[in-house]
Amino acid sequence: MAVPIELTVNGKTVAAEVEADTLLSSFLREHLRLTGTHIGCDTSSCGACTVHVGGRAVKSCNVLVAQLHGSEVTTIEGITPRDGSLHPMQAAFKACHGLQCGFCTAGMVMSAIDLLRHHPHTTDEEIRAGLEGNLCRCTGYQNIVKAVAMAAKAMGRQRP
Amino acid sequence: MSAMAYHRPSSLAEAAKLAAGDPDARILAGGQSILPSMKLGLLAPSAFIDLAALGELRGIRADRKSVTVGAMTTHAAVAASPEVMAAIPSLAKLAAGIGDPQVRNRGTIGGSLANSDPAADYPAAVLALNATIRTNRRALPADGFFKGLFETALAPGEIITAVEFPVPNTASYVKFPQPASRFALVGVFVAQTSTGVRVAVTGAGPCAFRVKVLEDALARRYAPQACEGISLPSGDLNTDIHASAEYRAHLIPVLAQRALA
Amino acid sequence: MNAARAPLIGRSVERKEDHRFLTGVGQYTDDIVLPGQSYGFFLRSPHAHARIRSIDAGAARGAPGVLAIFTGEDLAGIGGLPCGWLIKSVDGTPMKEPKHPVLAEGKVRHVGEQVALVVAESAAQAKAAAALIEVDYEILPAVVETAAAAASGTAVHDLAADNVCYTWSIGDEGAVTAAFARAAHVTTLRLVNNRLIPNALEPRAANAAHSPGDDSYTLYVTSQNPHVERLLMTAFVLGIPEHKMRVVAPDVGGGFGSKIYLYAEETALVWASKRVGRPIKWTAERSESFLTDAHGRDHVSTAELALDAQGHFLALRVHTTANMGAYLSTFASCIPTILYATLLAGQYATPHIYCTVQAVFTNTTPVDAYRGAGRPEATYLLERIVERAARELRIDPVELRRRNFIRKFPHATPVGLTYDTGDYDATLSRVIDLADVAGYAARKQASAAKGLLRGLGYSCYIEACGLAPSNIAGALGARAGLFEAAEVRVHPTGKVTVFTGSHSHGQGHETTFAQVVADRLGLSLEDVDIQHGDTGKVLFGMGTYGSRSLAVGGSAIVKALDKIISKGKKIAAHLLEASDADVEFEHGEFRIAGTDRKKAFAEIALAAYVPHNYPLGTLEPGLNENAFYDPTNFTYPAGSYVCEVEVDPLTGKVRVDRFSASDDFGNVINPMIVEGQVQGGIAQGIGQALLEGCRYNEDGQLLTGSFTDYALPRADDMPALAIELAPGTPCTHNPLGAKGCGEAGAIGTPPAVINAVLDALAPLGVTDIDMPATPHRVWEAIRRHAR
């Protein structure tokens with residue numbers, strides 16, 4: 001069954017007809033060609049596909065796009081400034097070598113931004129717990145934790 | 001072209017009607033359990049009836065005697081709720097440990113209870129706190145709600161609307177996670193309630209259950225030491241690649257003790 | 001020009017590749033959609049061992065969107081997937097090499113083996129149609145257990161009735177027997193090196209297209225070595241002329257060995273793309289990755305260490321049974337032999353070592369190299385038995401190790417390697433400081449006060465990396481060379497593109513290699529680009545594995561740079577009217593020695609491409625050089641790790657509290673990247689030790705087939721790591737002095753963790769535990785001894 005939907009993706013209104021069982025991850029990658037969101041598993045375990053729905057981190061492989069009628073979705077492409085610079089979280093990942101192969105990175109960055117929005121003053125232990133939903137096979141997480149801690153300072157300064 | 005239909009009713013009555021009209025349809029709350037099952041081909045409903053538009057199913061109300069959580073309230077909302085933290089901090093803590101942050105942002109209490117996953121956290125709280133499960137038809141007591149593996153007392157098409165937790169004197173939950181899924185290998189919820197001490201276990205059997213021998217021991221003395229020396233039969237408990245029934249039986253009093261510590 | 005700017009080598013510069021990954025514009029194989037794209041889905045065997053009586057694809061062919069369906073019968077004319085390394089048994093006979101068909105022929109031999117390829121307009125349609133294919137299977141008994149395979153009575157392959165692929169040995173058995181006869185003490189150990197599933201986070205994927213105009217193929221694939229992939233697929237399997245195929249490995253999301261191999265899926269896709277006349281894409285679902293990515297490890301070993309009365313090692317005797325799985329994967333045969341038994345000397349001057357290896361076929365997924373590949377198995381065995389010997393002899397484990405360290409280099413081991421350099425005392429001393437071993441007793445007391453058992457474990461590892469001298473490899477059975485190739489292309493404006501046969505899938509070559517090039521040519525990092533992963537661009541390459549990229553691939557680049565500089569000097573000499581011999585090159589300037597007459601690198605580049613004033617009679621125009629580098633020896637990174645754990649005796653839960661590492665990688669180009677490699681390797685090592693263990697049931701069904709049952713380390717499973725790169729003993733035989741760092745963490749970590757766990761459990765009488773030391777397993781070990 002085709003379901004008409006309208007939602008906002010990275011600030012733009014998107015209207016489409018989708019099959020009822022279309023996952024947000026497929027919709028982003030195949031329909032909108034936003035391939036920065038990656039799919040790393042089929043059990044909703046790895047978090048590589050994490051995006052924001054209404055500002056909260058969500059696994060896009062575990063949501064039907066039909067469920068998101070009227071919602072605001074933000075992907076890694078949407079948090080990237082248009083002037084070629086980087087979001088403070090992206091910049092911190094780069095400065096701290098918080099990524100290697102890059103495959104988990106978008107999901108990790110999206111989760112980390114949500115974490116800091118709701119817990120701006122986190123300890124390393126809280127950062128590790130807060131990234132429980134994201135697998136990385138390359139970094140051993142050490143530099144990811146370092147990056148999030150660095151971004152916490154940078155994002156703290158940004159806030160009024 | 002998928003045969004599946006999707007409905008987004010705007011009232012509870014409409015949702016119930018849709019559910020009644022299609023026995024192969026599934027109610028969709030947060031989808032954090034049902035969608036993985038669908039993706040793995042374990043489940044192919046004729047339709048999803050999405051409760052997302054039913055704002056009345058969302059939200060938390062608390063007074064001195066009880067905390068009522070709307071069925072569509074997310075785990076993240078329960079975990080962050082000042083009302084829950086004040087009235088039943090163990091419930092907020094339990095919600096903060098369900099799944100992972102992304103799951104907590106979508107998953108709901110109603111969905112979790114209706115699913116009755118053998119290793120889910122909420123069933124332990126519902127049983128130990130002697131909660132009442134309100135549906136579009138009736139109020140169901142916690143005892144007897146969890147019937148078996150993915151099986152509850154809900155009738156076909158019956159929709160959970162809210163869960164009412166009586167405020168206990170004191171309560172605590174300890175989860176020992178399965179290393180891969182992080183679901184409860186064993187989780188033990190211990191509560192001292194107006195109707196006595198209640199100890200509920202998740203992860204160890206086909207569904208959450210109470211442990212009388214621990215309740216009796218704790219009724220005599222509500223202290224960690226009361227759990228010492230208690231050994232539970234393992235006969236009906238789960239055995240899988242992560243834990244034997246004996247190990248699970250061993251963990252129950254150990255975790256109960258830690259819940260009280 | 002950058003006169004005397006600070007060198008980039010040795011600096012932790014931020015990575016050039018990160019911007020695209022961080023902003024979501026990296027391009028991985030599944031991100032690519034070709035014009036006319038169609039999609040493939042593989043129907044896979046649900047049984048571990050079965051005869052295929054018949055396949056009925058009739059209903060599936062008529063399903064919506066289906067373009068074609070292929071089975072083993074359609075591909076019967078093509079070759080099997082080859083194994084790249086011939087191992088001979090002790091009796092001189094070659095290993096058993098059963099055909100590894102692209103699609104199953106007559107039988108299936110592991111769950112997940114590909115039986116049919118369905119091509120359709122969409123991935124969903126291909127999958128739905130596959131469900132309509134009816135395969136009539138006659139189920140056969142399955143061979144699953146490594147140790148029992150040879151005696152199982154069921155043959156996985158007819159040509160190996162006892163399931164033995166080969167029985168191989170290394171070392172002097174007689175000398176070892178004699179040494180044991182005079183030993184004051186013998187320590188014995190039986191251990192299992194647990195089977196692992198690599199799980200690079202990007203699932204394998206391929207997209208194959210045929211171009212009818214010139215009858216050529218293009219394959220996009222998740223590969224660590226596109227040239228090897230092309231060579232094996234064209235020459236050994238499909239019979240396509242090698243020059244008629246281009247293989248592109250674009251951004252690849254991690255490999256860890258699992259993406260070295262030529263797999264059936266991409267081979268079938270290439271073959272089918274011409275028949276279907278459309279590009280075909282396939283991306284593994286994670287469940288497929290678990291079933292079909294080559295697994296790692298899976299050894300069962302017995303070891304005996306003979307010591308004299310002073311604790312000097314006299315001899316080591318080892319027997320290992322290694323599981324090959326159902327078929328020989330690309331490098332499977334050399335892992336438990338050439339890359340394993342040759343490392344059994346470790347850091348010790350053990351005079352005599354003898355090792356036999358029996359490789360067996362089972363009805364399980366093929367096993368091949370996974371991060372470390374053979375060397376973790378050797379290190380685990382050695383460092384476990386050394387620690388056990390220390391405990392038995394009541395000698396401090398550090399002291400026992402020091403009594404046996406190799407201190408004179410070069411050192412020829414009794415298992416075929418010659419270590420060029422190292423300083424094992426230095427890394428061990430350093431890690432003892434780093435780990436604050438002095439404060440351990442106090443920490444142990446504090447843990448005890450909380451009811452927890454604290455333990456400390458050491459591991460001193462060595463690895464042979466920088467694979468490999470081609471002549472030595474060839475003598476040992478390799479069917480390929482193991483050099484690396486590079487091209488340095490200087491553009492007329494003086495900008496540089498370097499093409500390397502090494503492939504980067506997380507290692508940061510685009511940065512590290514650029515640092516080397518920029519320093520040598522006196523350029524800024526922005527003026528240098530590193531290209532890799534495309535046989536249409538890169539002249540040749542053997543790819544990335546065995547911690548070889550900088551040591552071998554980087555050396556090839558240096559060789560090509562030397563040629564560039566040499567030619568540049570000739571051009572400069574002409575322009576400056578001097579003799580070649582008088583021209584020096586430094587900081588990006590060609591200068592006549594002892595004068596201020598000079599030409600900038602960019603001026604020379606321009607002159608080479610606009611050769612108006614140029615020695616055309618003696619020198620070709622252009623500034624572009626190739627080089628192939630074949631190492632003369634392996635490199636020998638080494639280091640020492642210390643792990644401290646807390647064990648909860650009531651639940652069996654092990655928590656890694658502290659982990660310290662001191663590594664000697666020789667010269668280091670980018671410390672930040674190198675430390676990142678070590679961190680990732682340690683995580684995989686902790687994963688192996690505590691969390692990860694592939695399990696099959698007796699029917700050969702995979703029980704750990706998803707992330708919900710196979711535990712990868714998550715952020716909160718990991719401690720903060722203390723890693724220090726030792727000042728290092730540079731490799732003596734490559735121009736960069738580099739040894740390689742990619743596998744060290746995965747090699748050195750598991751024994752450190754398990755030694756720590758056993759140290760913690762020692763007061764309870766527990767002397768042995770297998771990996772992964774899960775809470776359940778630890779609790780059972782405690783319970784067994786409590787009885």
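User: Among contacts in chain A between residues at least 6 apart in sequence, what share join residues at least 24 apart?

Analyst: The share is 59%. Two residues are in contact if their C-beta atoms, placed from the backbone, lie within 7 Å. Before going on: this is a predicted model, where local features need pLDDT of at least 70, side-chain atom pairs count only at pLDDT 80 or more, and totals for chains, interfaces and linings use all residues. Residues are numbered from 1 along each chain as its sequence is written, while chains are lettered from A and ligands numbered from 1 in the order in which they are written.

User: What is the secondary structure of chain A?

Analyst: Chain A has 6 helices and 5 strands. Helices (H or I, at least four residues) and strands (E, at least two) are DSSP runs, numbered from the N terminus. Along the sequence the pattern reads β-β-α-β-β-β-α-α-α-α-α. The radius of gyration of chain A is 16 Å, close to the 15 Å that the globule rule gives for 160 residues, so chain A is as compact as a globular protein of that length. That radius is taken over C-alpha atoms, and the globule rule is 2.2 Å times the number of residues to the power 0.38.

User: And how much of chain A is buried?

Analyst: Buried residues are 65% of the 160 in chain A. A residue is buried if 20 or more other C-beta atoms lie within 10 Å of its own, exposed if 12 or fewer, and partly exposed in between, with C-beta atoms placed from the backbone.

User: Pick one helix. How many residues of α4(A) are buried?

Analyst: In α4(A), 12 of the 14 residues are buried, so the helix is largely enclosed by the rest of the structure. Among them are A:Met108, A:Ile113 and A:Leu116.

User: How many residues of chain A and chain C are in the contact between them?

Analyst: Chain A gives 44 residues and chain C gives 42. On the side of chain A, α2 (76–79), α3 (88–96), α4 (105–118), α5 (124–130) and α6 (142–158) each supply at least two residues. That side divides into 21 nonpolar, 16 polar and 7 charged residues. Ala, Val, Leu, Ile, Met, Phe, Trp, Tyr, Cys and Pro count as nonpolar, Asp, Glu, Lys and Arg as charged, and the others, Gly among them, as polar.

User: What about chain B and chain A, how many residues are in contact?

Analyst: There, 22 residues of chain B are in contact with 26 residues of chain A. The largest share of the side of chain B, 5 residues, comes from α6(B). The side of chain B divides into 11 nonpolar, 5 polar and 6 charged residues.

User: Changing topic. Which residues touch the most other members of the largest nonpolar core?

Analyst: They are C:Ala116, C:Val118 and C:Val757, in a core of 413 residues. The largest share, 12 residues, comes from helix α14 (residues 549–575) of chain C. A nonpolar core is a set of buried Ala, Val, Leu, Ile, Met, Phe, Trp, Tyr and Cys residues joined through C-beta atoms within 7 Å.

User: What does C:Ala116 touch?

Analyst: Not counting residues up to four places away in sequence, C:Ala116 touches several residues, including C:Leu43, C:Phe70 and C:Ile133.

User: Is C:Cys460 buried or exposed?

Analyst: C:Cys460 counts as buried because there are 29 C-beta neighbours inside 10 Å. C:Cys460 is in strand β18 (residues 453–462) of chain C. C:Cys460 and C:Val642 are 182 residues apart in sequence and 8.9 Å apart in space, C-alpha to C-alpha.

User: Now strands. Which strands does β9(C) pair with?

Analyst: β9(C) is joined to strand β12 (residues 280–283) of chain C by 4 bridges, running antiparallel. β9(C) also pairs with strand β10 (residues 216–221) of chain C in the antiparallel sense, over 6 bridges. Two strands pair if DSSP finds at least two bridges between them. C:Asn207 stands opposite C:Lys281 in β12(C), and C:His210 stands opposite C:Tyr217 in β10(C).

User: How many residues sit between β9(C) and β10(C)?

Analyst: The two form a hairpin with 4 residues between them, and C:Asp215 in the turn has a positive phi of about 50°. As for burial, 6 of the 7 residues of β9(C) (residues 205–211) are buried, so β9(C) is largely enclosed by the rest of the structure.
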